[in-house]
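Let's take a walk through this structure together. Have the sequence and the 3D view open as you read.

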Amino acid sequence: MLIREILDKQPTGQRLEVLGWVRTRRRSKNVAFIEINDGSSLANLQVVIDPDSPGWEHLSDLGTGASVRVAGTLLESPAPSQPVELRGEEVEVLGTVASDYPLQKKRHSFEFLREIAHLRPRTNTFGAVFRVRNVLSFAVHEFFQSEGFVYLNTPLITGSDCEGAGEMFQVTTLDIEDPPRDSRGKVDYSKDFFGRSAYLTVSGQLEAETYACALGKVYTFGPTFRAEDSNTTRHLSEFWMVEPEMAFTDLAGDMDVAERFVKHLLNAALKRAPKDMEFFDKRIAPGIMETLQSIVDADFQRMTYTDAVNELMKVKDRFQYEPGWGRDLQTEHERYLTEVVAGGPLFVTDYPKDIKAFYMRLNDDGETVAAMDLLLPKVGEIIGGSQREERYQVLYDRLVSLGLDPKDYWWYLDLRRYGTVVHSGFGLGFERMVQFVTGMANIRDVIPFPRVPGFVEF
Ligand code: 4AD
Ligand code: MG
């Protein structure tokens, strides 16, 4: 039986069996206590073993990290810290533990634990992070399914650069030491696996748009890859993104969905992982539960980029990077806007077209696009989205003016030729959401095996 179920409300007196790993072991002459954890909950189950029980002879093999099966009788615990304990009547050591086991009872730094990412899920913090991540994953599907969206799997290998930022990992089977070359000496990608150059996707959006323009409302939830050389606490080279895309929806409707979605996720974490959330509140980010609840209860504010820049200009001396109309918002700017100006979640809308991707719908002023970013305290941008340019000629001209070849986007342009519709969508960085909910300071600690520049162990 799972330890979570046992601690929840199992009646005492019954005989049951648990399977797990030893967290700690204490023994004296006439009794031994073994704390067992099976990953189902933060809390351990305490097993009590007497010298006359058959488990006594195995005690020396039950060091921290050993795997074990214990059968026994569930008793009310005399200790106030736990409701029940298991009187171990049968103890089987499944796997002993080598003496160099790196997880000891003391606290380890997150930097150290990153180097043993294969073992860190056995710690309290990482167990809690990944149980909360699981709750959030399920809540993603629950939200979109309940709103009538169709779950779509977009390709990971692609020929197009959605964000146009050139931050793609190339996928090739050519011999990089000696690739085939054309008559001008350039690498001949027509000889490559796909008969052309190919990449890992940075976003499933363009493909999702094609399905939104047929099924109405779709969403993706999958890995995306960015070869950007950002060594920060908010960037990964491989991260998971949730991308809804909706036909017949404008920017205001897009933000409405984003707001409901974020609230649904925060609420799910609070309701379905209360013990783990209490742990984060106590140990990692004091006040986080109250913050999440206040966001669930709040109306998200909306502000144009132009107004946001005006706010930043009023206090421009406090920033390392100078703000200004036409410049991208830096994390310090985003944090000021959400933490100080709005005092909560903030949508910033209508960015200058020159700092946003080609697919965003041009506003009537000819200078800004119908874009939105959702900013949250501490993490800054968590969502980026927009209304998509649905007018064929406007989109065509924009591609050309950005130096992109419209021929490469023939199928994307076709959507604008065959029954075009107003449509919108957004992308939520899933790890940034897990980071926000748990209060973990570094994004590398909310994905099982982080991939970042210079590091691809495991
Ligand atoms: O703002 P981005 O680049 O938007 C897109 O990719 C759009 N195609 C989404 C859409 O409209 N369908 O990325 C979306 C979100 C960001 O707001 C951020 O939360 C996250 O993805 N993100 C990253 N998360 C971790 N590491 C990185 N390197 C990230 N880059 C973006
Ligand atoms: Mg963005």
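The paragraphs below begin at the ligand and then turn to a sheet. Please keep in mind that this is a predicted model.

Start by finding ligand 1, which sits in the second largest pocket. Around ligand 1 you can count 25 residues, and the closest are Glu 163, Gln 205, Arg 226, Glu 243 and Glu 381.

Now zoom in on a few polar contacts. The side chain of Gln 205 places an N or O atom 2.7 Å from a nitrogen atom of ligand 1. Arg 226 has a polar side-chain atom 2.8 Å from an oxygen atom of the ligand. With Ile 382 it is the backbone that takes part: one of its polar backbone atoms is 2.9 Å from an oxygen atom of ligand 1. How much of the ligand does the protein bury? Taken alone, ligand 1 exposes 630 Å², and the protein buries 93% of that.

Which strands each supply at least two residues of the shell? They are strand 11 (238-247), strand 15 (380-387) and strand 16 (423-429). Strand 15 gives the most, with five residues.

Next, look at an open sheet made of three strands, in the order 7-9-8 with antiparallel pairing. Strand 7 (157-158) and strand 8 (170-171) are its edges, each pairing on one side only. Strand 8 is joined to strand 9 (residues 198-200) by two bridges, and these two strands run antiparallel. To locate one pairing by eye, pick Val 171 and find its bridge partner in strand 9, Ala 198.

Conventions. Residues are numbered from 1 along each chain as its sequence is written. Chains are lettered from A and ligands numbered from 1 in the order in which they are written. This is a predicted model: local features need pLDDT of at least 70, side-chain atom pairs count only at pLDDT 80 or more; totals for chains, interfaces and linings use all residues. Side-chain values use heavy atoms; hydrogens and water are left out. A residue is near a molecule or strand if one of its heavy atoms lies within 4 Å of it. A polar contact is a pair of N or O atoms within 3.5 Å; within protein, one must be able to donate a hydrogen and the other to accept it, and residues adjacent in sequence count only if both atoms are side-chain atoms. Accessible areas come from the Shrake-Rupley method with a 1.4 Å probe; for residues, only the protein chains shown count as cover. On a 1 Å grid over the protein atoms alone, a cavity is a set of points where a 1.4 Å probe fits but cannot get out, and a pocket is an open set with protein on both sides within 12 Å along at least five of seven lines; lining residues have an atom within 4 Å of a point. A molecule sits in a cavity or pocket if more than half of its atoms lie within 2 Å of its grid points. Helices (H or I, at least four residues) and strands (E, at least two) are DSSP runs, numbered from the N terminus. Two strands pair if DSSP finds at least two bridges between them.
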